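Let's take a friendly walk through this structure, one neighbourhood at a time. Have the sequence and the 3D view open as you read.

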Amino acid sequence: MELYTLNEVSKYYERWNIRTREKNINYVIKNLNLTIKDNEFIVVVGKSGIGKTTLLKMLGGIEKPSAGSIFYTNKELYQCKESEMEGYRRKEIGFIFQDYRLLDEMTVRENILVPQILDGARSTIAERKMKKLTKVLGISEKKDYYPYELSGGEKQRVAICRALINEPKVILADEPTGNLDTFNTELILEILLRIKIELKKTIILVTHDKGICKFADRIIEMKNGKLQEQNIK
Ligand SMILES: Nc1ncnc2c1ncn2[C@@H]1O[C@H](COP(=O)(O)OP(=O)(O)O)[C@@H](O)[C@H]1O
Ligand SMILES: [Mg+2]
C-alpha cells in the first residue's frame with residue numbers, strides 16, 4: 001500500500017535582493033516525485049543544506065510545499081482542515097531529531113508521556129504504555145532521571161519512546177545518529193529496524209552520512225533538489 005505520494009512537490013523561498021532590488025526565488029526542492037510504501041525503511045541521503053529537513057517537515061505536516069501535492073494514504077495533506085492536520089501530526093507520525101529535543105526540566109517518564117497528555121489519553125493507559133516502551137528500549141531503570149543525567153544514546157532512546165507512545169504509523173527521523181558515537185549509532189539503527197519489523201512502522205530517515213544506510217529497504221539520494229534512487233540489492 002502506498003502511504004505517501006508526492007507529486008511535483010517544490011519548495012522555494014522568495015527573497016528581496018537589497019542590492020539589485022529584485023526578487024529572487026531560491027528553490028530548495030524542485031518538482032519532486034516520490035512514493036513511499038507502508039512498512040518501508042527509507043533513507044534519504046544528501047549533503048548539508050540540500051533540503052532534507054525541509055522534505056521531512058513537509059511530510060510531517062509542518063511546512064507547506066510552495067507547489068505540488070503530498071498525499072498521505074488517500075488524503076491530500078495540506079488541503080485538509082487544520083483539525084485533521086493536527087490529528088495527523090499527533091497520531092500518525094512521530095519525529096526524532098539529531099539533538100533529541102527532550103524537555104530539560106522533565107524526567108524521562110514525563111518526557112515520554114507528553115504526547116499522551118496532549119492527546120488526552122487516560123493516565124493509567126499512558127503509564128502502562130510508557131513502562132512497556134522503556135522496557136523494550138532498555139531504559140526502564142532511568143525513568144526518574146533528567147535528560148542531563150543521560151548519555152546521548154539513552155537520550156535518543158527516550159526520544160524514540162516519546163515518538164512511539166501515540167502509536168504512529170510513521171517515524172520521521174532527522175539525522176537521528178548525528179550526535180552519537182559508532183556504538184550508539186549502531187544501537188539506534190538496530191532499534192529503528194526492530195521498530196519497522198516488530199511494530200510494522202514506516203521509517204523515513206534523512207542523513208548526510210552514507211555509512212548508515214545498511215538497514216534501508218530503499219536509499220534515495222538528494223541532489224540539486226532532485227531525488228535519485230540508489231540500487232542496493
Ligand atoms: N525560511 C527560510 N528562508 C530561506 N531559505 C531557507 C529557509 N529555510 C530553509 N532555507 C534554505 O533551505 C535549504 C535547505 O535547508 P534544509 O532543509 O535544512 O537542508 P538539510 O537538512 O539538507 O541540511 C538551505 O539552503 C536553507 O538556507
Ligand atoms: Mg537538516
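## Around Thr207

Leaving aside residues up to four places away in sequence, Thr207 touches Val43, Val44, Val45, Gly46, Lys52, Glu175 and Ile212, where contact means heavy atoms within 4.5 Å. Thr207 is found in strand E8 (residues 202-207); helices (H or I, at least four residues) and strands (E, at least two) are DSSP runs, numbered from the N terminus.

With a relative accessible area of 2%, Thr207 is buried (under 20%, with exposed over 50% and partly exposed in between, for a 1.4 Å probe and protein chains only). The side chain of Thr207 also reaches the backbone nitrogen of Asp209 at 2.8 Å.

## About the model

This is a predicted model, in which local features need pLDDT of at least 70 and side-chain atom pairs count only at pLDDT 80 or more, while totals for chains, interfaces and linings use all residues. Residues are numbered from 1 along each chain as its sequence is written, chains are lettered from A and ligands numbered from 1 in the order in which they are written, and side-chain values use heavy atoms, leaving out hydrogens and water.

Strands E1 (residues 2-17) and E2 (residues 22-37) run antiparallel and are joined by 12 bridges; two strands pair if DSSP finds at least two bridges between them. Tyr13, for instance, has Asn26 in E2 as its bridge partner.

Four residues lie between the strands of this hairpin, and Arg21 takes a positive phi near 55 degrees.

Definitions and conventions
Polar contact = N/O pair within 3.5 Å; in protein donor to acceptor, adjacent residues only side chain to side chain.
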